Amino acid sequence: MELNETVEKGISLAREGRFFEALKVFDDDLCFTQHPTAMSFYAVSLANVEGNYDKAISLCLMAAEKEFYNPDIYLNLGRIFLLNGQKSVAIKAFKKGLKYDGGHNALRQEIKTLGIRRKPVVSFLPRQNFVNRFLGILANRVA
């Protein structure tokens, strides 16, 4: 099988959530080493199958250095951080990916799933304060 075909097969398996099979494809030829997107999909597969989060994070960060403009890399990095229990860092990774592609559906879906809240309307008052709640409801209805 040609190198590009192997890379595409591994990426498509990882996108489908078949991480164990994707890991096998990537490990067979070590084809992910020259392709940053494939490296990030290998990393997310590694994190899902083996639970090796440190190695997965470092691989994804290396991929992001090579292709900093690729939102798929930040999607995979954020997913690895979520698996590792680092929600706030994952949100930052998703938002950074959205800076490069604001219409990336998978990134938007991840952020929507996490249910990120907006900042309180009146920042010096607690979120539960009546004024903040009332103004928040009012601002939501207007928007």
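Is tyrosine 74 buried or exposed, and what is its relative accessible area? Tyrosine 74 is buried, with a relative accessible area of 4%, where buried means under 20%, exposed over 50% and partly exposed in between, using a 1.4 Å probe and protein chains only.

Before I go on, a word on the model: this is a predicted model, in which local features need pLDDT of at least 70 and side-chain atom pairs count only at pLDDT 80 or more, while totals for chains, interfaces and linings use all residues. Residues are numbered from 1 along each chain as its sequence is written, and side-chain values use heavy atoms, with hydrogens and water left out. The pLDDT, the predictor's confidence in each residue on a scale from 0 to 100, averages 90 over the protein chain, and 98% of the residues score at least 70.

Let me turn to the aromatic rings. Rings of Phe, Tyr and Trp (its six-membered ring) pair if their centres lie within 6.5 Å, and planes under 30 degrees apart count as stacked, over 60 as edge-to-face and the rest as tilted; by this rule there are five aromatic pairs. In one of them, phenylalanine 26 and tyrosine 42 have ring centres 6.0 Å apart and planes at 90°, so the pair is edge-to-face. This pair joins helix 2 (residues 19-29), which holds phenylalanine 26, to helix 3 (residues 36-49), which holds tyrosine 42, across 16 residues. Phenylalanine 26 is buried at 0% relative accessibility, and tyrosine 42 is buried too, at 5%.

Tyrosine 74 comes back with tyrosine 100: their ring centres are 5.8 Å apart and their planes at 15°, so this pair is stacked. The two residues are 26 apart, tyrosine 74 in helix 5 (residues 71-83) and tyrosine 100 in helix 6 (residues 87-100).

Finally, the helices themselves: helix 5 and helix 6 pack at an angle of about 170°, with their axes 8 Å apart, the axes being lines fitted to C-alpha atoms over the stretch in contact, and angles running from 0 to 180 degrees between N-to-C directions. Their contact (heavy atoms within 4.5 Å) includes Leu75 and Phe81 in helix 5, and Val89 and Phe94 in helix 6.

Definitions and conventions. Helix = DSSP H or I, 4+ residues; strand = E, 2+ residues; numbered from the N terminus.
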